[in-house]
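Subject: Structure handover

Dear colleague,

Please find below the structure that I promised to pass on to you. Once you have had a look, read on for notes on what was found in it.

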Amino acid sequence: MPFMLKKSSLNHNDVFILDTASKIFLFSGCKSSTQERAKALEVVQYIIENKHNGRCDVTTIEDGKFVADPDVGEFWSLFGGYAPIARDLPSTIQKNSEIPSVYLFWISAQGQLCQIGTDSDSLKKEMLDADKCYMLDCGTELFVWMGRSTSISERKKSISSIEDILGSQGRSKGTHITFLTGGSETAAFRSYFDGWPQTVENLYEEGREKVAAIFKHHGYDVKELPDEDWQPYINCSGTLKVWRVNGSELYLIPTAEQNKLFTGDCYIVQYIYPGDEKDELLFYAWLGCNSVTEDRVEAISHMNAMVDSNKGAAVLAQVVEGEEPVQFYSIFEILIVFKGGMSSRYKCFISEKEITDETSGEEKMALFRIQESGPNSMQAVQVDPVSGSLNSSYCYILQTGASVFTWIGNLSKIDFGLLYRILDVLNPTWQPVSVREGNEPDDFWNVLGGKVEYPRVKETKRYEEDPHLFTCTSTEGDFKVKEIYNFNQDDLTTEDVLVLDCYSEIYVWIGRHANIRSKQHALTLGMKFLEMDILVEGLSLKTPIYVVSEGYEPSFFTRFFHWDSSKARMHGNSFERKLAILKGQMQKMEAPQRSAWKANDTYSSGSYSDRSQIKTVSSDRLRRSVSPAFSSERLRRSASPAFSSDRLRRSVSPASPGSGSNFKASSNHKFSSSTPMSGELFSTASPDHDIADGSLVSVQVEEPSSMEKVSSTKVNGTEVGEGLETFPYERLKVMSNNPVTGIDLTKREAYLSHEEFQEKFGMTKKAFYELPKWRQNKHKRSLHLF
């Protein structure tokens, strides 16, 4: 007797896959989202490759489609004939709004949990021993903390124990687990402990100094370790234009003066640079820290009008003085920021407040702090002319009218070639007197009003943190975000607005079919995201905000993904795109190549018309209802299974059904996250359920698994793994008592043997170097190889 399926298994909200011996059916409930349908196609791809030897007929069925269609009739015959699907009953379950208690457990060597504290008793960092593993249970959020002195076997035992414990407790498969190593705690984890020292950012610099000291102790002349190769991720040979905002007008700065900005003004920066296929366009609104609010509003408005006049084919960014991203500095190379301002509104403001006008002049005394942001990029920032403004980490230029001093801090690493270039930009006639910290003449201190204490410790850089991707929705003033774990390019769904949080900067990505009014609205969403500070990482409201449109992603954005430019060129909604890939018709779905646009010269005179020419593409518009990042729907990281046969539901709104089709699928085109996701989804399938009898799978999907970035690396000119001398881990780690010399210190891991590399990293060298750089560094930090 043939296997008969039950109609009660179907509903209007989800997507279902019916797998038979000769054909796969994809049934989409009328209330299912486009994203769910697209994700279901990844499962279909997995089934084709693993259960049908790469080829199988696939039919898409729409909820409510007439039975007269042969494919629909065949589908319903497997259920014993057509019958209407029952409506979903309103849920009577009351959500518990109470905040769950937090418990700290020690994980014993036998894998048992021993409670040692709760949030009501006040958790302290001192409760965590470096030679033990712990679990912090926050209800819907779990952290597994592994001390630095724990062995690999102890860590593996802790991880497996947590999986077993969750299963025995009947905990939700959607419970999010984060695995941490001592010293690399996230801000969210630290927030559960009272008085946790905020010294995490200093660990990297402290480690570098200790390693240099160890080398010196062994007789090697090492003052400090070299920084890793600096990369601007943008072509620095482009064309730059700068406008100063003056009320409702824009004043084009002459080329020779465009690298001189005033802290009381706002500016629009346009940068045209060569891209992979055509010239790219980037706009910045630079807001001086002493600029008036009205000028800031005008600057954002002017920038948006410029972007609109170029049909939206540009990336824009809001930047506040003092928080500039490295890309901003790199396109200027030499940048000077003066006190004061030229804006009429600024002049009026300081006059009304009776504030002294500090706008520099040749006859005035001025002190400039010199800072580097790369091998070919340096800035001079005017500071108060007092000795308290000095810092041993920097160099300074002191102009007194008649004489000029250059002051070299003991901890500074200055490129004197760039320093003299800055002097030439300030005034090519100056003949400076070079002064080293500790050897200053009395005249130097007299000019600064006397010698007082100033910072003498090394100032640490603000390093880029691991990026986090969030979906965003904003309805009637209610702004919600939800994190996507182990993200990849496929998570940039065309119907959504997403935020990529890199700590030192954030990106607001706008899909072509997203329901968003303008890029100015996107900037507003970015500001709301900074205000929420979801990850409790102390985000500054001055953090740079980039707005990126689908199809115009710059290289400094795509570096966080394994980027496939052909996917970025496809049109249609997310379901239609993946359906085309599955059918092997990807090229037919590609949008026309972006033609090289011509720079609009309308602004060269400072006047322009506010023309909005962004073309809106109509499609199914999803308004996904999402919960805050720390919600019960969070998935676990890659250390734990990302998906299971249990239903992982997403809260969605109704979306119109996609078109049905029948085709023979080919395995020539694959989705990046299909295999790991689907593999786990089918891992608990019943062994006695024969595929020939028909297998019905309900697909309610959450975040996909990670996507690795393909790249290659060389060490001392040799491909990794090809003839490099190997050394034991104990000699390669940062704090080794017997360190290896004569190696590339930024690629310590490359000198491990293949066997020890696999043991420490849990992957092959090839797999490791296919990860994005930030993921590589995260692994290296946890193993003290960074």
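I begin with two strands, β9 (residues 239-246) and β12 (residues 266-274), which pair in the antiparallel sense over six bridges; strands here are DSSP runs of E with at least two residues, helices are runs of H or I with at least four, both numbered from the N terminus, and two strands pair if DSSP finds at least two bridges between them. Within this pairing, threonine 239 stands opposite isoleucine 272 in β12.

Please keep in mind that this is a predicted model, in which local features need pLDDT of at least 70 and side-chain atom pairs count only at pLDDT 80 or more, while totals for chains, interfaces and linings use all residues. Residues are numbered from 1 along each chain as its sequence is written, and side-chain values use heavy atoms, with hydrogens and water left out.

Both strands belong to an open sheet of 10 strands with mixed pairing, in the order β10-β9-β12-β13-β14-β25-β24-β23-β21-β22. Because β10 (249-252) and β22 stand at the edges with a single partner strand each, one side of each is left without a neighbour in the sheet.

The loop between β22 (478-484) and β23 (497-501) holds asparagine 488, which is buried at a relative accessible area of 1% (buried means under 20%, exposed over 50%, and partly exposed in between, with a 1.4 Å probe and protein chains only). A polar atom of the asparagine 488 side chain lies 2.9 Å from the backbone nitrogen of aspartate 490.

Turning to charged side chains, a search of the whole structure finds 21 salt bridges, each being a side-chain nitrogen of Lys or Arg within 4 Å of a carboxyl oxygen of Asp or Glu. One of them joins glutamate 74 and lysine 23 at 2.9 Å, N to O; since glutamate 74 lies in helix α2 (residues 70-77) and lysine 23 in strand β2 (residues 23-28), the pair ties together parts that are 51 residues apart in sequence. Glutamate 74 is partly exposed, with a relative accessible area of 32%, whereas lysine 23 counts as buried at 10%.

Another salt bridge brings together arginine 559 and glutamate 505 (4.0 Å, N to O). Arginine 559 sits in the loop between α12 (555-558) and α13 (565-568), and glutamate 505 in the loop between β23 and β24, 54 residues apart. Both arginine 559 and glutamate 505 are buried. Finally, salt bridges that share partners join Lys23, Asp71 and Glu74 into one network.

Definitions and conventions:
Polar contact = N/O pair within 3.5 Å; in protein donor to acceptor, adjacent residues only side chain to side chain.
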